[in-house]
Amino acid sequence: MDIRTDTATTRVAPSTAGRRPAHAGDPATRALVTAGVVAGPLFVAVGLVQVLTREGFDLTRHPLSLLSLGELGWIQIANFVVAGVLMLAFAVGTRRSLGDGPGRIWAPVLFALYGVGLVLGGAFTADPALGFPIGTPDGYPTEWTFHGTVHAFAAPLAFLALVAVTWVVARRLTWEGHRAAAIWSRVIGVACLLLCLPFGPGMSVRLFVGVALGFAWITAYGISLLRSTR
């Protein structure tokens, strides 16, 4: 899916014509954007393998972040941190790729905030809960540790930044004339927000689906940036 392609029109906004950023399309910029393209598939694949193989983990009960705990917790910690660093690179690549117009500043900032949230989510692990890792008490912890508190802050930071950037990019797409793509960007943003609400039935499954959907949107947007800066 190319979210910058609109079947009704493929024109470039007049105000961007002739104002292509100096670094757009150069090898370094393309490498930075590619980092964001691969961040999502890598994060989701590594997470899914752990969901299917970690003893005692049940996605219908346990949020993905609990995989950071236990003997093999380093895998998910690294997964969070690597995805976050790739998103920080993507933020720089986006800034170097965008010309004048809406979103040139805020899109990179929000992508960077999403990356920061992921790095914090890995560096500061959640507290044990709901019987995971095996042998820990069932239910939620009655007292939070410092690292658990930071982790609890990092998750909404990342989710809100992700939702916000879908709308910022949508405004730019509308300005560029890609109205259908802009609508899809907003729809995905709303879907991610609803899926990632931290309460209600199937919460942990919804969180995983919301993260996967958001990363899929980032991958699509990154591919569209690469195509537009050839």
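Visitor: Does Ser185 count as buried or exposed?
Guide: This is a predicted model, where local features need pLDDT of at least 70, side-chain atom pairs count only at pLDDT 80 or more, and totals for chains, interfaces and linings use all residues. Residues are numbered from 1 along each chain as its sequence is written, and side-chain values use heavy atoms, leaving out hydrogens and water. Buried means under 20% relative accessible area, exposed over 50%, and partly exposed in between (1.4 Å probe, protein chains only). Ser185 has 1% relative accessibility, so the label is buried.

Visitor: Which residues is Ser185 in contact with, leaving aside neighbours within four places in sequence?
Guide: Ser185 sits in helix 5 (residues 179-195); helices here are DSSP runs of H or I with at least four residues, strands are E runs of at least two, and both are numbered from the N terminus. Contact means heavy atoms within 4.5 Å. With the sequence neighbours set aside, the partners of Ser185 are Thr166, Val169, Ala170, Leu173 and Trp217.

Visitor: How are helix 1 and helix 6 oriented to each other?
Guide: Axes are lines fitted to C-alpha atoms, for helices over the stretch in contact, and angles run from 0 to 180 degrees between N-to-C directions. Helix 1 (residues 27-53) packs on helix 6 (residues 203-228) at about 155 degrees, with the axes 9 Å apart. Angles under 35 degrees count as roughly parallel, over 145 as roughly antiparallel, 65 to 115 as roughly perpendicular and the rest as oblique. Helix 1 and helix 6 are therefore roughly antiparallel.

Visitor: What is the phi of Leu130?
Guide: Leu130 lies in the loop between helix 3 and helix 4, and is buried at 11% relative accessible area. Leu130 is not a glycine, yet its phi is positive, at about 55 degrees.

Visitor: What is omega for the cis peptide bond joining Phe132 and Pro133?
Guide: Pro133 is in the loop between helix 3 (106-123) and helix 4 (146-176). The bond from Phe132 to Pro133 is cis, with omega at about 0 degrees.
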